[in-house]
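This report describes how parts of the chains pack against one another. Please look through the sequence and the model before reading on.

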Amino acid sequence: MKFTINRPAFISQLNNVLRAISSKTTIPILTGLKMVVDKEGIILTGSNSDITIESVIEASDTDYDLTVEDPGAIVLPARFFSEIVKKLPDKQVTIEVTSGFQADITSGTAKFQINGQDAENFPHLPEVETNKTITLPNDVLKEVIRQTVIAVSKQESRPILAGIHITLHDGLLTAVATDSHRLAQRKVTLNDVDNGIDFDVIIPGKSMNELSGMISDVDEDVQVQVTENQILFIFGNTHFYSRLLEGNYPETSQLIPDTADTTVELDAGTFLASIERASLLSHESRNDVVKLTLNPDENLVRISSDSPDIGTVEEEVATTSLDGNDLEISFNPNYMKDALRSFGQTTVKIAFTSALRPFTLVPTEDGENFVHLITPVRTF
Amino acid sequence: MAEEPQERAERLQPRIVARLKRILDKHELAHAYLFVGPDGSGKLEVARWLALRLFCLHPQDGEPDLTCAECQRILSGNHPDIVTAAAEGRQIKVDEIRHLKAEFTKSAMEGSQKLFIIQDADKMTTGAANSLLKFIEEPGPGVYILMLTTNKSAVLPTIRSRTQVIEMQPLRRADLLDQLAALEIPKGQRLVAIGLTDSVQQVQEWCADGWFAQAVTGVSQWFNSVSQGNMLAFVEVQTKLVKLATDRDKQQVLLDLITLIWRDALLVANGISDPDRLHFVNEQGQMQALAGQYSMAQLLTVSQLTLEIRHLLGQNVNFQNIVEQLTIRIVQTLRAVGAE
């Protein structure tokens, strides 16, 4: 194996792959970075077994100034290799595997010789069937992740809830996450999808966060492919694989109430500010709850909280519409804050049934596609 | 020692390997096994053999070929779908358990099967073991769990009941002795050592700087005093044994030696003089004398006392306290009835 490449361009691809590599791993070879070189280009791979990132450097792309002399493959220790490449003196770098698994890295007058491992030992990625691909617009995928990942459970006791449940059925993509106190569900209708493509997977929330960070850096649409045990996202020259969670995700569709006794519409931004003020005191009290009092006859919505040690807070909330029965309901302000933030600057409709039943938040314009559900707290 | 792992498994546990082969041929592998056997009985070797056999691309006559990419990765510890956990020190660490649980919920990375090898399964805390129960009870298809332990009774009964227990067969005494003899370990020590472990490597470690010889002498001297009801034995704990008990492993070996020597005494007192069944052959004369001196009930009580000491060490009781207390109790037992 021998090739020469433009160093700064190579480093940017290297950084991409390094995101997946962790020094804390139980499988020794995963501290390494896999390089496969052929006439068409270079494929860099890094993995922490949960996620795997592949970067494809095409020989035809003139930015990289790539000349391949000899094809081949090797795994090099990722941390050292990237540090070395970053500190090399010249604009070009040549990497050559000489005897066995030893790699020579030369640039200008500097020459490194580092020991690698057999690329065969690196975990094999699943074969992907190209005819089962769906395409998601970049911003839609980002939004889906942002809106659902907040409700992913951080507790270890129910590991299946640490994932986002994503299903595709008849061109309707549904993403659900819940930690059993709250739930976020987002639906997206995909237009040009073959009806034959259905899937039902649970993707770890951590992987989705990482993916979200990576797709923010690019503008391209994202192609998604599902295999038996991994899901693959392709954007630009990057392939992002994530392992899936195994098990049955709880049935969530019946959890979302379809009737309401009291509904209120208000501006998410100003309501968020009110909640933040009220939570200043609620955080100090033992059970961290704020109380919402709704009185449709007097067109009054009041938010209040108290901490026995510090004092009390009361604030009237501006609404655009208020209907139904009188209600007093208490909830954890953190859940409400997360939910409101995921809506951004828009008006939301909150629908309550009773003081002890979960209530829903939906955007007023598009109530079908995004629902956030919060369970209230019993205070009496 | 460049012996191939599958040959080691075959040699150490031929019947179990043959049994597993039959099970595999019929595709009747259970999802969870508990391998029980003393150190050196080849538990890990059998587990490794099973891993190779399950993942090998071209098994020949029920044996892994050891040359394919899968075998190579298993041998170098790089296979992503084989998850192992082992105790570090006295317990399997919380991080390991967390890792295990996370792996249990995730799909296999490559193929459709996953293998978990949990060494020292007895060294999980009750909480940790309980949190794994759910996964052990009904793992997904293609998930196999092998738990290895030296002490079956220390594994939670709830775990035991969810696994198939396979008891490793004890190694042949003569084989072991031959191997130790090849390492030029003196005969007296050889006989004692095989009473403690089946692991040749372990014995080699103990003998490395003459520690084991001192330990055997120390325990024998203590035995001679204490079996005479002589309270000088109490002093010997401080002057001889404590000096030898420099770390936890050595403390454990010393306690095991004490248990072993009293076991021998009980056997000899019962008229068993077959040297094949005894370990402290040098003390045989002394032991025979005991039979006349004390009643069988007394010797039995003492033997029972010595069985408790390992448990005490597990509860973090100081080594010196354990042995001193034991000494007093033995002397009391022997004198009490001797005075009648």
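## Helix packing and domain contacts

Helix 8 of chain B passes helix 9 of chain B in a right-handed crossing. A crossing is left-handed if the near helix is turned anticlockwise from the far one by less than a right angle, and right-handed if clockwise. Helices (H or I, at least four residues) and strands (E, at least two) are DSSP runs, numbered from the N terminus. The model is predicted: local features need pLDDT of at least 70, side-chain atom pairs count only at pLDDT 80 or more, and totals for chains, interfaces and linings use all residues. Residues are numbered from 1 along each chain as its sequence is written, chains are lettered from A and ligands numbered from 1 in the order in which they are written, and side-chain values use heavy atoms, leaving out hydrogens and water.

The axes of helix 8 (residues 173-182) of chain B and helix 9 (residues 187-194) of chain B cross at roughly 135° and come within 10 Å. Helix 8 of chain B is therefore oblique to helix 9 of chain B. Axes are lines fitted to C-alpha atoms, for helices over the stretch in contact, and angles run from 0 to 180 degrees between N-to-C directions. Angles under 35 degrees count as roughly parallel, over 145 as roughly antiparallel, 65 to 115 as roughly perpendicular and the rest as oblique. In this pair, Arg173(B), Leu176(B), Leu177(B), Leu180(B) and Ala181(B) of helix 8 of chain B make the contact with Arg190(B), Leu191(B) and Ile194(B) of helix 9 of chain B, where contact means heavy atoms within 4.5 Å.

Chain A also has a helix pair. Helix 5 (residues 268-282) of chain A and helix 6 (residues 333-343) of chain A pack at about 160°, with axes 10 Å apart. Helix 5 of chain A and helix 6 of chain A are therefore roughly antiparallel to each other. Their crossing is left-handed. Residues in this contact include Phe271(A) and Ile275(A) of helix 5 of chain A and Met336(A) and Leu340(A) of helix 6 of chain A.

Strand 4 (residues 51-58) of chain A holds Val56(A). Leaving aside residues up to four places away in sequence, Val56(A) touches Ile42(A), Ile43(A), Asn237(A) and His239(A). Val56(A) and His239(A) are 183 residues apart along the chain, and their C-alpha atoms are separated by 8.1 Å.

Chain A is divided into domain 1 (2-121), domain 2 (130-243) and domain 3 (256-374), and chain B into domain 1 (5-167) and domain 2 (173-335). These bounds come from an automatic or database domain assignment.

| Domain pair | Distance between C-alpha centres | Buried area | Share on carbon and sulfur atoms |
|---|---|---|---|
| Domain 1 and domain 2 of chain A | 29 Å | about 1,100 Å² | 41% |
| Domain 1 and domain 2 of chain B | 34 Å | about 450 Å² | 40% |

In domain 1 of chain A, Arg19(A), Ile51(A) and Glu54(A) lose the most area to domain 2 of chain A, together 44% of what that side buries. In domain 1 of chain B, Asp39(B), Gly40(B) and Arg90(B) lose the most area to domain 2 of chain B, together 77% of what that side buries.

Methods: Buried area = accessible area lost by both parts, 1.4 Å probe.
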